[in-house]
Amino acid sequence: MSEPHVSDLRWDRMLAGDLAEADRAEALAHAEHCQACAARHVELSADFAAFATIAPPLPRRVRPQRIVAAIAALAIAAGVVIVVRSPSDAPAERTKGTPGPRLMLAAGSRERLAPVMSGDRVKPGDSVQAAYTATRDGFGAVIARDGSGAVAAYVPARGDAMVALPAGTLRSYPGSTILDEVVGAQIVEIVWCETAQPIAPLIAELRAAGTATAPASCTIERVELEVR
Amino acid sequence: MDLGTLYRSYGHSVLRRARSILGSDADAKDVLHEIFAGLVARPEQFTGKSAPSTFLYAATTNACLARLRDHKNRLRLLAEHVEPWSTAVDPRSPDTRVLVRAVLAELPEDEARAAVYHHVDGMSHVEIADVLGCSPRHVGDLLARTTERLRDHREAS
């Protein structure tokens, strides 16, 4: 009797990192001598990777939308000006007459997010949430360097693919980040691009130079916070 | 596991399976939204007692079968989407899968679920038993009954 094929469930668990090592090794060993399963593995892996770029945003609670609306109201009340920094050596390509995205950052307790700008003070345990207004669909990421010099992507939480950001007014980047105990200067760079770009080079540049240069057709908003 | 991680880890499989069962990209996206919007509104649905994959496989199957059982939906899906489910590299039999899909809405609930897991996902009896919460032997009985129904359906048509 021939060995059974590897089911989609097992491949899905493996791609999600939920398959035990022994099961993972068994599935891969089977695929080594089963052409159909090897091809299916490649197909599902590509499907998994593609989802990061084509997926609609995670449905959100009504409540966070209220929070974003509150952010807008607060921003207006506080006279917040969102300064969008475009790359000096690679100007963003924009369709004539179409305004670029407006990017902003909010921070605070999960129930009371408020817009923040460079120089603002936040504390460990605060949530940090990026938001945007864009007239066309795009892709984005949020990367940060904390007081210890550690650099990480806040959005997406993992992987090297930017998240899809549908056009809209004051929409949230998917997922917020809770600041850990590291105090000091916290640099947050909100990235919006017309086309999906790899995140690894931006992270590497932020780590090495303390700032990331926006690729062509991208915009970066940098916010420097004080965590204490 | 937080919802964002769950979405990034398993959203692709929800979308792919819904597309396979329903044969419609638009309906599959609706199912994806329906499942995760439900989790955002009521995160307590996922208790963590079962594996995330098991929970989402069951949720997707149930959502798709509910759509197929809606008579109007079923007629529209069967009329609009006649392409086979399988891809060129799929190890499973496309003929059987087409046949299963045609009778899916007519099968009793537990048989329909077992048929989806076996014929669409290529799952073993043990894996199906894990998702359905029954014994592998019961899975064998369910699939045997489905096989008989498929034979009758094939002979009748």
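Predicted model: local features only at pLDDT ≥ 70, side-chain atom pairs only at ≥ 80, totals over all residues.
Let me start with one contact in chain A, where A:Asp8, A:Trp11, A:Asp12, A:Met14 and A:Leu15 of H1(A) meet A:Cys37, A:Arg40, A:His41, A:Leu44, A:Ser45 and A:Phe48 of H3(A), contact meaning heavy atoms within 4.5 Å. The residues of this contact divide into six nonpolar, two polar and three charged, where Ala, Val, Leu, Ile, Met, Phe, Trp, Tyr, Cys and Pro count as nonpolar, Asp, Glu, Lys and Arg as charged, and the others, Gly among them, as polar.

Residues are numbered from 1 along each chain as its sequence is written, chains are lettered from A and ligands numbered from 1 in the order in which they are written, and side-chain values use heavy atoms, with hydrogens and water left out.

Helix H1 (residues 8-15) and helix H3 (residues 35-54), both of chain A, pack at an angle of about 50° with their axes 10 Å apart; helices here are DSSP runs of H or I with at least four residues, numbered from the N terminus, and axes are lines fitted to C-alpha atoms over the stretch in contact, with angles from 0 to 180 degrees between N-to-C directions. H1(A) and H3(A) are therefore oblique to each other, since angles under 35 degrees count as roughly parallel, over 145 as roughly antiparallel, 65 to 115 as roughly perpendicular and the rest as oblique.

Turning to the other partner, the axes of H1(A) and H2(A) come within 11 Å and cross at roughly 120°, which makes H1(A) oblique to H2(A). This contact is made by A:Arg10, A:Trp11 and A:Met14 of H1(A) and A:Asp23, A:Arg24, A:Glu26, A:Ala27, A:Leu28 and A:Ala31 of H2(A), and its residues divide into five nonpolar, no polar and four charged.

Which residue forms a salt bridge with A:Glu26? The partner is A:Arg10, with the closest N and O atoms 2.8 Å apart, a salt bridge being a side-chain nitrogen of Lys or Arg within 4 Å of a carboxyl oxygen of Asp or Glu. A:Glu26 lies in helix H2 (residues 21-33) of chain A and A:Arg10 in helix H1 of chain A, so the pair ties together parts that are 16 residues apart in sequence.

Finally, the interface of chain B and chain A has three salt bridges by that rule, and A:Arg13 forms a salt bridge with B:Asp130, the closest N and O atoms being 3.6 Å apart.

Definitions and conventions:
Helix = DSSP H or I, 4+ residues; strand = E, 2+ residues; numbered from the N terminus.
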